[in-house]
Amino acid sequence: MFGPTSAAPLFGDADELAVESGLAPRAAVELFKVLREREESYSYTVEVNMFELYNDKIIDLLAISRGVPSQALRVKLAEHCESGLVEVDGAMTEEVSDAQGLLDIFTKGTKIRSTAATRMNADSSRSHLIISIVMKMVKKKTGCVTSGKLTLCDLAGSERVGKSGSEGRQLKEAQSINKSLSALNGVINSLTTGSRHIPYRNHPLTMLMSDSMGGNSKTLMFVCCSPEDDNCAESTNSLEFAKRCKNVTNIVKPTAGDIIQIKKLKAEVARLKKQQYETLKKNRTSTLSPTVQQLTQNSISTISKRVLGHS
């Protein structure tokens, strides 16, 4: 979610039934509604991380809400993770079982998020907020595991220092926000122009969002405009940015996690074939071992489903 300062309501009323609820509470309710509909066939787990990016530093809001000092966190891009998702080493994770539990986490995290009053906004966010929700579903009959990730990102509102009156610490915060938004703009430009190199590593914000833009992801950007006439220029710039984002094309392909799994399965197939060969050689028989034959066939079938995206 993006827009001029004071324009973007990610949370609104935290009550899941309230008319004025923002995007995050609505997403929490809808997520568990869908999971509940699949309870007969699947078991599931939902885990949450919540970070703020303040002055270019990643801060673990869940750790701070528990009174634990946030340690140095390291972002690992999806290509280096077996899960195929961006992961943050050292981050605290909470498991939730219903929508209210997720809403409670949202409330705890937003209460300690960095804010300050400026001329343009009495409660201006001075950091970006990134919430990662990872779902894992296990089909009860087959044990097949399906995983997915929902990332909610509330970008700090764009502002002009001259209008907001930021100075001292707030000036440094505004400069950091503008720097990170410039890095995000660079990634969007690379994705829309078909560049072979996407500069995700240029900033912690774009690293955290790298599995939410391009590739297999489905990305929705909500751009909010200020109702104030005086903020017309900022609203126009936000809409121009949204127009560029709209040109990003996502191309479905095997994820890093799929590729790692395929390599493992291929290695297993090779091992089973070698075992079968040694067994045949030892027993001097051409009859295949039913157990090994079935294991081999299952591995090959799993690989095919992974590659074709039917798992």
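Author: Ser132 counts as buried, its relative accessibility being 8%; buried means under 20% relative accessible area, exposed over 50%, and partly exposed in between, with a 1.4 Å probe and protein chains only. The model is a predicted one, in which local features need pLDDT of at least 70 and side-chain atom pairs count only at pLDDT 80 or more, while totals for chains, interfaces and linings use all residues. Residues are numbered from 1 along each chain as its sequence is written, and side-chain values use heavy atoms, with hydrogens and water left out.

Ser132 belongs to strand E8; strands (E, at least two residues) and helices (H or I, at least four) are DSSP runs numbered from the N terminus. Leaving out residues up to four places away in sequence, Ser132 touches Glu47, Val48 and Asn49, and also Lys149, Leu150 and Thr151. Contact here means heavy atoms within 4.5 Å.

Strand E8 (128–139) also meets helix H1. The buried residues of H1 pack against E8, and likewise against E1, strand E5 (94–96), helix H3 (99–111) and strand E9 (145–154). H1 itself covers residues 23–37, and its 15 residues reach 21 Å from the first C-alpha to the last, close to the 21 Å expected at 1.5 Å a residue; the expected span is 1.5 Å times one less than the number of residues. Its buried residues are Ala24, Pro25, Ala27, Ala28, Leu31, Phe32 and Leu35. They lie on the same side of H1 because they cover an arc of only 160° around the axis, the arc being that of the directions from the helix axis to the C-beta atoms. An α-helix has 3.6 residues a turn, so residues three or four places apart point the same way.

The nonpolar cores come next. A nonpolar core is a set of buried Ala, Val, Leu, Ile, Met, Phe, Trp, Tyr and Cys residues joined through side-chain atoms within 4.5 Å. The largest has 27 residues, of which Ile58, Val75, Leu155, Leu184, Leu205, Met209 and Met213 touch the most other members. Strand E1 (42–54), helix H5 (169–193), helix H6 (204–208) and helix H7 (232–245) each give two or more residues to this core, and H5 gives the most, with 6. Apart from this core lies another, of 25 residues, and Val48 is one of its members, as are Val96, Ile105 and Leu129. Val48 is also one of the residues that Ser132 touches.

Charged pairs complete the picture. The structure holds 9 salt bridges, each a side-chain nitrogen of Lys or Arg within 4 Å of a carboxyl oxygen of Asp or Glu. One of them joins Arg66 and Glu94 at 3.3 Å, N to O. Arg66 is in the loop between helix H2 (61–65) and strand E3 (74–76) and Glu94 is in strand E5, so this pair ties together parts 28 residues apart in sequence. Glu94 is buried, at 9% relative accessibility, whereas Arg66 is partly exposed, with a relative accessible area of 48%. Salt bridges that share partners join Arg66, Glu94 and Lys108 into one network.
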